[in-house]
Amino acid sequence: MPPKSILILEDEFALRRLMKLMLQREGFEVLDAANGQEALDLIALHGLPNLALVDLMMPVMNGEEFIHAVKANGWDLPAIFVSASPEAQEVCAQLGLTCVKKPYDFSVLLTAIRAELEAGSVIA
Amino acid sequence: MYHPPDEPDHSSARRWLFVVAASLALAVLVVLPWVGFQRLSAANRQTHDLTLVLAATNYASSSITGAISGPVRSFELSGRETDYQQMIEATEMSEDALYWLEDAYQAAERVGLADEVDAYLESSYEFLLQLEIRANAVRKGADPEKAPNAGAYFAARRAHLRDQDYLNARIVELGGELDEERTRAMRTAWVLLLASVFVAVGCFVLIAVTETKRNRRQMLVAETRVAVAERSAQQRAEMVNLASHELRNPLAVMSLAAQMLQGTAASGGDPLLEQAANDAYAAARRAEALVAELLDLSRLDANKLKLVIHPVPLDLVLGEAVSLTVHHLGERPVAVTGATETAVMADPGRLGIILRNLVDNAFKYSPPGSEVAINVTRANSTLEVQVRDQGPGIPIADRERVFERFERLSATQHVGGIGIGLHLSRELARRMGGELSVAPSNSGTCMRLVLPQASRLPEAA
């Protein structure tokens, strides 16, 4: 069975790199983007991943705008918000998505990822 | 940042000014009309006096004229004794009439007719005297036209008539003058009354306008200050949001990196590396907790603190608080007793802040290695968490002061911390429908946290 793919949207380079390493260690295929626009470009190039880990505050295109773009394209893409922003909880609630607050326990994030992949929570 | 200047405090001077202006207005309102109506009153009094003089003069004149044209003429023609007696009566009545005029003399003086009345009286008495002399001569059989005092009689009669005419003319003239004076006085009185009303109203309007302008200015200053304060609070809130994001990202890197190291060290069997990774992870968690506290404090100030309250298992949050404190401040006995497996209605992150602060303080303000006791009791619809240490305790006088922001008791200045933990913890407890206080204790410090009990435990994730 091919490994599940995860797309990381995170503007903090060190964090993006660490998340990628740790997720790869857990057996995931990982793509990463520094903002929503890059993520859309990667999707166009490689196709939809199994899950997106989305930071809220990013330059060029932030997390909320990325989610709206996904909706507008009618894509079936489970997503988890991973954010330090105080507004993240509200945005998650409005969009009906799971939210993991930074800084987080990696195990907590992993649990949320596995739960989303199983449930297939979709951006409706 | 612009701060509108304070208005100098002239409230005392303004009060005095108001009192003086009000007094002046009242004085003008009273004095001016009084002056006006006094003049009118004087004119009225003079008119009354003149009327008196006129009446007395008319009475005297008519008596004398009546006497001459009636009884005197009759007697002079008839010479009869009865006519003589009637003439005497008439002259006596005339004299009585002159006495009336004498009685009105003071009134005549007041209206400036004293000389005229004097002259008329003198000439009238003289005329009556000559009339009597002439009448006596006629009584003795003399011809009236050839009476011994004929010359004096006619002279006295001319003088009397002259003085009577002059007095009457003066009375008429004076009457006209007094009428004009009364009219003028009335007009002046009304003008002064209206003027006083205008002045008084003007004073009050001036005061009212001045006060209104001042109040408007003060309102404008206050509104500007409010706007500045709101803008400042907004800017602070925006800065807080930015700081939150900027601080938490590096902390997230440190935390993840430490977790990665923990995994690597554990699988590599290197206890020293594992301990270092554990310490780094705990430090990152602790830094994140402090950032969360500072951000909550800022949100509190900006009135933008939002809590998400739901059933929270107390034991999990309490366990994490104790674990973080032990990692940071070292191992020591911590006895947790009571109904810990209960849920409270709370915001989980903020409950963690409160419990961590209480446990932290218990560790910091008691001798190293001394036991910290945590007891949980149920009471009706609330849950009470007591955290007790074996330190020096908090003096009764300081038990409320410790909850003030940045307040550090002098006995604890040497202990690390910036003095926001208890202040923030109490605010958070209150916003979750609970309370935080210093409980009475015979020894050490006992902090009491009360929170609403949840009716059920939350569902497992």
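Q: What makes the set around L351(B), L355(B) and L358(B) a nonpolar core?
A: In this predicted model, the largest nonpolar core has 42 residues. A core is a set of buried nonpolar residues joined through side-chain atoms within 4.5 Å. L351(B), L355(B), L358(B), I374(B), V385(B), L436(B) and L449(B) have the most contacts inside it.

Q: Which helix gives the most to this core?
A: Helix α8 (residues 348–364) of chain B does, with eight residues.

Q: What is L351(B) in contact with, leaving aside its neighbours within four places in sequence?
A: The partners are V312(B), L314(B), V317(B), V344(B), A346(B), M432(B), L449(B) and L451(B). Contact here means heavy atoms within 4.5 Å.

Q: Which residues are among those of another core?
A: Another core, of 33 residues, lies apart from the largest one. V72(B), A104(B), A107(B) and L174(B) are among its residues.

Q: How many aromatic pairs does a search of the whole structure find?
A: Five, over all chains.

Q: Why is the pair of F37(B) and W190(B) called edge-to-face?
A: The ring centres are 6.1 Å apart, and the limit for a pair is 6.5 Å. The planes stand at 75°. Edge-to-face needs over 60 degrees, so the pair is edge-to-face.

Q: Which parts of the chain does this pair link?
A: Distant ones. F37(B) is in helix α1 (residues 11–78) of chain B, and W190(B) is in helix α5 (residues 150–268) of chain B. They are 153 residues apart.

Q: Why are F37(B) and W190(B) called partly exposed?
A: F37(B) has a relative accessible area of 33%, and W190(B) has 46%. Buried means under 20% and exposed over 50%. Both values fall in between, so both residues are partly exposed.

Q: What makes the aromatic pair of F75(B) and Y84(B) tilted?
A: The angle between the planes is 55°. Stacked needs under 30 degrees and edge-to-face over 60, so this pair counts as tilted. The distance is 5.2 Å centre to centre. F75(B) is buried, and so is Y84(B).

Q: Which residues form one aromatic cluster?
A: F127(B), Y153(B) and F154(B).

Q: Where does the charged end of R332(B) sit?
A: Over the ring of F363(B), 4.6 Å from its centre. The distance limit for such a placement is 6 Å. R426(B) lies over the face of F403(B), at 3.8 Å from the ring centre.

Q: Why is E181(B) called buried?
A: E181(B) has a relative accessible area of 19%. The cut-off is under 20%, so E181(B) is buried. Its place is in helix α5 of chain B.

Q: What makes the link between E181(B) and R39(B) a polar contact?
A: Their side chains come to 3.1 Å, and the limit is 3.5 Å. The two residues are 142 residues apart in sequence and 9.0 Å apart in space, C-alpha to C-alpha. E181(B) touches R39(B) and A43(B), not counting residues up to four places away in sequence.

Q: How do you know that the buried residues of α3(A) line one face of the helix?
A: The buried residues of helix α3 (residues 63–73) of chain A are G63(A), F66(A), I67(A), A69(A) and V70(A). Seen down the axis, they fall within an arc of 160°, so they line one face. Their cover includes β1 (5–9), α2 (36–46), β3 (51–54), β4 (79–83) and α4 (88–95) of chain A.

Q: What is found at the start of α3(A), and what follows the helix?
A: At the start, a side-chain oxygen of N62(A) reaches to within 3.1 Å of the backbone nitrogen of E64(A). G74(A) follows α3(A), with a positive phi near 70°.

Q: Why are V60(A) and N380(B) called exposed?
A: V60(A) has 69% relative accessibility, and N380(B) has a relative accessible area of 81%. Exposed means over 50%, so both count as exposed.

Q: What is the phi of V60(A), and what is that of N380(B)?
A: V60(A) has a positive phi of about 70° although it is not a glycine. N380(B), also not a glycine, has a positive phi of about 50°. Most residues other than glycine have a negative phi. V60(A) lies in the loop between β3 and α3 of chain A. N380(B) is in the loop between β4 (372–379) and β5 (382–388) of chain B.

Note on methods. Residues are numbered from 1 along each chain as its sequence is written. Chains are lettered from A and ligands numbered from 1 in the order in which they are written. This is a predicted model: local features need pLDDT of at least 70, side-chain atom pairs count only at pLDDT 80 or more; totals for chains, interfaces and linings use all residues. Side-chain values use heavy atoms; hydrogens and water are left out. Rings of Phe, Tyr and Trp (its six-membered ring) pair if their centres lie within 6.5 Å; planes under 30 degrees apart count as stacked, over 60 as edge-to-face and the rest as tilted. Helices (H or I, at least four residues) and strands (E, at least two) are DSSP runs, numbered from the N terminus. Buried means under 20% relative accessible area, exposed over 50%, partly exposed in between (1.4 Å probe, protein chains only). A charge sits over a ring if NZ of Lys or CZ of Arg is within 6 Å of the ring centre and within 35 degrees of the ring normal. The arc is that of the directions from the helix axis to the C-beta atoms. A polar contact is a pair of N or O atoms within 3.5 Å; within protein, one must be able to donate a hydrogen and the other to accept it, and residues adjacent in sequence count only if both atoms are side-chain atoms.
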